[in-house]
Amino acid sequence: MAETLPAPSVTDDYAQRVTKDLSENRGEQERVRAELARLQSELAELETSEVLLTKIQEVLGGAPKPRPEGKSKAAAVPAARTNKETPTGKGRKSGREAGAQKKASPRKPGEPTWLDRTTAYLADQSEPKSAVEVASALAEAHPERTAPVPIVRNALEQGVAQGRVERSKQGRSVFYTSTAAEAPQSPDPAQS
């Protein structure tokens with residue numbers, strides 16, 4: 001009689017396939033890391049050339065053109081997600097150094113907070129509004145006090161947490177409405 005070979009089990013097939021896929025994944029990661037290192041090195045060379053050319057231009061009497069605003073070295077090429085320094089020998093810049101952050105103008109004593117302004121605005125609206133819509137409406141209503149959309153969004157989320165505002169999602173969009181029965185706020189004991 002002829003001997004029959006045992007049929008490979010489904011588990012063995014999956015284990016082999018997963019091992020192969022994992023190996024391919026790791027190989028692809030290494031390829032991408034090498035490409036990233038090459039690109040970062042090329043960027044460093046270009047930045048060095050730019051500095052040299054700018055100095056030559058200044059010596060020749062030409063006015064150097066300023067770098068476009070909002071673009072920094074950190075924004076040009078995302079850094080690899082490692083704790084190592086970049087190939088240029090420079091570490092990543094902190095959030096403050098990377099670019100100018102838009103800040104809200106400070107609130108004067110006695111002025112309503114952004115939470116108060118957002119909830120008051122939403123109370124007058126008949127339909128849900130996005131954070132961008134609320135921010136632009138508040139900017140028009142209060143030009144003396146500006147706030148970027150993230151600050152308005154934070155105020156809206158604070159209102160959601162306190163039950164003063166309701167949040168609804170439609171696809172990837174988030175809309176806010178005032179709660180139907182907004183409870184009257186109790187007076188602040190510190191102001192009494």
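Angles of 65 to 115 degrees between two axes count as roughly perpendicular, while those under 35 count as roughly parallel and those over 145 as roughly antiparallel. Keep that in mind for the exercises below, which work on a predicted model.

**Exercise 1. Find how α4 and α6 are oriented to each other, and which residues form their contact.**

Step 1. Two packed helices are described by the angle between their axes and the distance between the axes.

Step 2. For helix α4 (residues 114-123) and helix α6 (residues 149-162), the angle is about 75 degrees and the axes are 9 Å apart.

Step 3. The range of 65 to 115 degrees applies, and α4 and α6 are therefore roughly perpendicular to each other.

Step 4. Now look at the contact itself. On the α4 side you will find Trp-114, Leu-115, Thr-118 and Leu-122. They meet Ile-151, Val-152, Ala-155, Leu-156, Gln-158, Gly-159 and Gln-162 of α6. Sorted by type, the residues of this contact are seven nonpolar, four polar and no charged.

**Exercise 2. Work out which elements supply the largest nonpolar core, and what Leu-156 touches.**

Step 1. The core has 15 residues, and those touching the most other members are Tyr-121, Leu-122, Val-134, Val-152, Leu-156 and Tyr-176.

Step 2. Two or more residues each come from α4, α5 (131-141) and α6. The largest share belongs to α5, with five residues.

Step 3. Take Leu-156 and set aside its neighbours within four places in sequence: its contacts are then Thr-118, Leu-122, Ala-131, Val-134, Val-165 and Tyr-176.

**Exercise 3. Describe how β1 and β2 pair, and what happens at the turn between them.**

Step 1. Strand β1 (residues 165-170) and strand β2 (residues 173-178) run antiparallel and are joined by six bridges. In this pairing, Arg-167 stands opposite Tyr-176 of β2.

Step 2. Two residues lie between the strands of the hairpin, and Gly-171 has a positive phi near 70 degrees.

**Exercise 4. Decide whether Lys-169 and Ser-178 are buried or exposed.**

Step 1. Lys-169 belongs to strand β1. The cut-off for exposed is over 50% relative accessible area, and Lys-169 has 63%, so Lys-169 is exposed.

Step 2. Ser-178 sits in strand β2. Buried means under 20%, and Ser-178 has a relative accessible area of 16%, so Ser-178 is buried.

Step 3. Check the surroundings too. Not counting residues up to four places away in sequence, Ser-178 touches Thr-119, Leu-122, Ala-123 and Arg-164. As for Lys-169, its C-alpha is 9.9 Å from that of Ser-130, with the two residues 39 apart in sequence.

Terms used. Residues numbered from 1 in each chain as written. Predicted model: local features only at pLDDT ≥ 70, side-chain atom pairs only at ≥ 80, totals over all residues. Heavy atoms only, no water. Axes fitted to C-alpha atoms, helices over the stretch in contact; angles between N-to-C directions. Helix = DSSP H or I, 4+ residues; strand = E, 2+ residues; numbered from the N terminus. Contact = heavy atoms within 4.5 Å. Nonpolar A, V, L, I, M, F, W, Y, C, P; charged D, E, K, R; others polar. Pairing = 2+ DSSP bridges. Core = buried A, V, L, I, M, F, W, Y, C linked by side-chain atoms within 4.5 Å. Buried < 20%, exposed > 50% of the residue type's maximum accessible area, 1.4 Å probe, protein only.
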